[in-house]
Amino acid sequence: MSSASLLDALCSGSGARLAMGTTVIIYLIAYNEAAAPGLLFGTLLATIYGAMAARCKSSLRSLQMPYVRATNKFDFGCLFLATWMDALAAMCACAALARTLSTCLDAMTGGLARILILGRNSPANEPWPDVLGVAVVILVTGMFMLGLEHSKAFSFIMTLGMFGLNAILSAVGWWRGDFVAWSENYFQPNGVNSLFLTTALLTYAFPCVWPQPNRNGRLTSLLVLALVSISLLLTAICLSTVVHYKSREDYVAVPLFNILDETGFHKLVPASACLILLTSSAAFLEIFPELYGIVMRLATSEWRILSKQISYESSDSGNPVLAVFIAGSLCAMLAFACPLQHLSYTLAASHIWSVFLRAFYLLYTPYRPKFMQPSSSESSLSYSRLSTAPIPKSHSSSSSAATSSSSRLKRSLWNIALSKQSGLKRPKNKQRNKPEVEKEWLLLGEPTSPCPQREGRDVESTVLSDCEPPPSDFEYPDKFDKSDSDTSTDIDAIVDEYRQKIKVTTAGPLERSIRVPTVSSWRVTIFSIIVIGLGIALCVAGLVLRWAPAAFTGAIGVFIVATMMGIIPQYTGSVINVSPVLCAMSLLLSVVFFSACAVHSWPGVLVWLLAGLVLVMRCDRYCCTCFEHTTILNAQLIPSVSSKTAHSTGGLGAASSSTSIRMPRPPRSVIGLPQRVSGIR
């Protein structure tokens, strides 16, 4: 694997998530939420959850959304809500970085910026409203609207800032650190719930998607995951030596400044503020394109949720101005009024909900049958030789029509039994001058019954005839005797190869080994999913009530049922191929982590989900059809059934009908140019 692939993976959004996790989120957890030693266990648990979440999202990379939208609205709704929650997570991340930037700017000026804008009575920690944060968002939005593009220089600046901050934290821990926190309770203040809260807040720091599934891609994924996990572990170890947990009244926005003041390194506050400013700015410049990229994606023909005009790119800047403006407006509203604690909780909750929806979609999709019709037999595919008995020659139209109808019914490939209808009227066939003799057999072997006598016909009449196929025992005339013998040898080889293929594909034991989902297996799958939901509810109830047997029983039940789902028939070898155990455990961990961070996040998540549901249910009426005007020609294409075609099919006219397209006739009178122009208008 080359270093370029690892650099590309970090520059595609994983580096910004890592920077936000090691610069903003982990400091907020260690100083405001839980004890620092619990960060190590939370990081390990978040690594497992991040790997499962990235696996679920990567498996949907090559999914064709237009096909999903056209075939199943429920599937489309699940995938849309997952993308909708990704947009909320990116929005909260940008807003949190903007508020961090405003605090750093205020610290670099010694508090003068806050005093000049909001007055001396404004709070020093998190001023409300955050005018500096809104100014930062507006500035970045204007830069992207004017043509700013993502560059690897942002990742380079972000990397330098992270190295500088880690160097400052390591120096403080080396000079003033101790290991007293390791002698206390690791999971303060709420025990296991604090561990789950720590894990939930750290989940966004891990990459959301893996590179392409090849050998180098898997190695790159493991390296990125290991890099993020090791960085968070080292930062957690350093924080555990300098931070001792105690309950605080105010939620500190940038805890590093307080840590430096408490340890006697207050002179390093401006330098650390400058490094946090560089790191947060570069991370903001990488996450913001992801946000307006989601807005653009929802406006494309694949999703058809928003208007197409939103995805139009400016001819001057080359960027989608409307999408950038929408994303910047949403980020500015959150940065203006939402506190950092609520932003961090909503960030974790929205990311967890997106993982939950994708895992739920991957859990039931492979087990759903494509055709909801129970099969009456093991295999509906059968081959049989048609009747070779000589057909009596008759010039009567009634006997000819009846014989033709019965022979066509016997030539059905799928051997479907057609029920007799009493009131079925068969149209009469036209009388033909010459009697017809029909005889067919398969390519796999010669017929066992004796062949009827045939009338002698020449080659030209046999080839040009469309009433009966040429006989297989036809003898070539003398003019073809001098042809090359290699041609006949090649034809024999092709026929033998075709026979072998037919024999292999129509073998009986092979058909019985293929297990596809049916209606009965789909009912078993639905019951299994319901049992998994009950197990998850039991596990969460045991954690909330602090009853360990109930929690362990629910978790073990979910694992057992998910393991048993592997024996249910499913579609394999398709685009979606994820283990049901991985999907079920992702569902379980998502619900557990969301229950830990739902205190400050459930109102925002609920409102955003309801908005997404309203949008996906009404998009066909308000956001798609209104902007796609059909032409007059397409509006006049009317499918109809032609009676002439039905009568010309012989005896099968009542069983099957052909579809034709009626086109409008040209006008009989002459149309002048003024009339045509007014008609088009």
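Helix 11 comprises 30 residues, 269–298, where helices (H or I, at least four residues) and strands (E, at least two) are DSSP runs numbered from the N terminus. At 1.5 Å a residue, helix 11 should span 44 Å, and its end C-alpha atoms lie 43 Å apart, which agrees; the expected span is 1.5 Å times one less than the number of residues in the helix. The model is predicted, so that local features need pLDDT of at least 70 and side-chain atom pairs count only at pLDDT 80 or more, while totals for chains, interfaces and linings use all residues. Residues are numbered from 1 along each chain as its sequence is written, and side-chain values use heavy atoms, with hydrogens and water left out.

Helix 11 is mostly covered, as 22 of its 30 residues are buried. Here buried means under 20% relative accessible area, exposed over 50%, and partly exposed in between (1.4 Å probe, protein chains only). Contacts to residues of other segments were examined next, a contact being heavy atoms within 4.5 Å. Ser-155, found in helix 7 (residues 152–176), touches Cys-11 and Glu-286 when residues up to four places away in sequence are not counted. Ser-155 counts as buried because its relative accessibility is 7%.

The structure holds five salt bridges, each defined as a side-chain nitrogen of Lys or Arg within 4 Å of a carboxyl oxygen of Asp or Glu. Side chains of opposite charge can pair when their charged atoms come close. One of these salt bridges joins Arg-17 and Glu-290, with the closest N and O atoms 3.7 Å apart. Arg-17 belongs to helix 1 (residues 3–33) and Glu-290 to helix 11, so the pair ties together parts that are 273 residues apart in sequence. Arg-17 is buried at 5% relative accessibility, whereas Glu-290 is partly exposed at 25%.

Lys-57, Asp-86 and Arg-358 are linked in a network of salt bridges. The side chains of Arg-358 and Asp-86 meet in a salt bridge at 2.4 Å, N to O. Because Arg-358 lies in helix 13 (residues 340–364) and Asp-86 in helix 4, the pair ties together parts that are 272 residues apart in sequence. Asp-86 is buried, with a relative accessible area of 11%, and Arg-358 counts as buried at 9%; Lys-57, at 23%, counts as partly exposed.

Helix 4 (residues 73–108) also contains Asp-106, which counts as buried at 11% relative accessibility. Leaving aside residues up to four places away in sequence, Asp-106 touches Gly-111, Leu-112, Ala-113, Arg-114 and Ala-124. The C-alpha atoms of Asp-106 and Leu-132 are separated by 8.7 Å, the two residues being 26 residues apart along the chain.

Leu-610 lies in helix 21 (residues 602–624) and is partly exposed, with a relative accessible area of 45%.
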